[in-house]
Amino acid sequence: MNEKSPYQEYVEEKKSTQPNIISFGIGKAILYSLVAVIVWQFVGSIISLPGMFYKPLNHITLPLGFLSGTLAAIVVLLMLTQTKFTVILQSIKHKFTFTQLILAVCCWFLFLPLAEFFTSLIPTTGPLEAVYKIFEESFEMMLDYKIAGFIMVCLLAPIFEEIIFRGIILKGMLNFNVNPTVAILLNGFIFGCAHMNPWQFIGAGILGVIFGFVYYRTKSLLIPMILHFLNNTLAYSLMLIQGDMEGDVFVQSDYLILIGLTILGIGSVFLLYKQTQQKTI
């Protein structure tokens, strides 16, 4: 199919009038992602350090560490790519239709069972048991700092992670004319790896692909932020209600529902693809 997507048409239209555009290939995308995660973890760990010695400080240092780490990563990426933050703001402010938003939400929600199913296949015992315990403890620690956890997981993560992984990393590859399918899949893989544990790798990877596809077709960074917020808020709410991180949104053993929802999800992806062919955004 040689037809250009709205995103490709938009990039070609803006290149002549907006020289300050993020553009780089796959190699740099991987390198920049690695640099971003290292800066993010390093700065965030330093800011969060006082909470290790005086636990009540975690109410402040947990979200502050996340905010400082992600902001530092964004600043470093913008410096490396010689890009102004106004480029990111343009993606956030880009207009979209209500229909596109609803279809995007359907894409996210209908693929949730598939993400949960593949995540459930990764063992939590045996060789991975010690790693899982660390992962579990780090998440359940937020039960002791509920407000800090909500700010970090449900508010800050959707905004700043989307800026890093979709607004900079994916946008750079798409502007460099990397094949969109390759760019979106690689972006999902990078997003999964950035969570640094095998259980979130699968779920975050699949959702990263969905968020990337939505961003590619709509050109709006705000829509993936909304999807990311819905996803994290749903997961965090379940953790608070159940008192642990073992709860699932769907029953994994009901394969007919899993297959049916996945088919509906594919249908939603197709409808969003067709709907964004319209040059109204």
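A contact here means heavy atoms within 4.5 Å. Of the contacts in the chain with a separation of 6 or more, 83% are between residues 24 or more positions apart. The model is a predicted one, where local features need pLDDT of at least 70, side-chain atom pairs count only at pLDDT 80 or more, and totals for chains, interfaces and linings use all residues. Residues are numbered from 1 along each chain as its sequence is written, and side-chain values use heavy atoms, leaving out hydrogens and water.

The chain has 12 helices and 0 strands, counting DSSP runs numbered from the N terminus (helices: H or I, at least four residues; strands: E, at least two). As for cover, 48% of the 281 residues are buried, with buried meaning under 20% relative accessible area, exposed over 50% and partly exposed in between (1.4 Å probe, protein chains only).

Because they sit 4 residues apart in helix α8 (residues 146–175), Arg166 and Glu162 are separated by about one helical turn. Both Arg166 and Glu162 are buried.

Leu49, by contrast, counts as partly exposed because its relative accessibility is 40%. Leu49 lies in the loop between α2 (26–48) and α3 (50–53).
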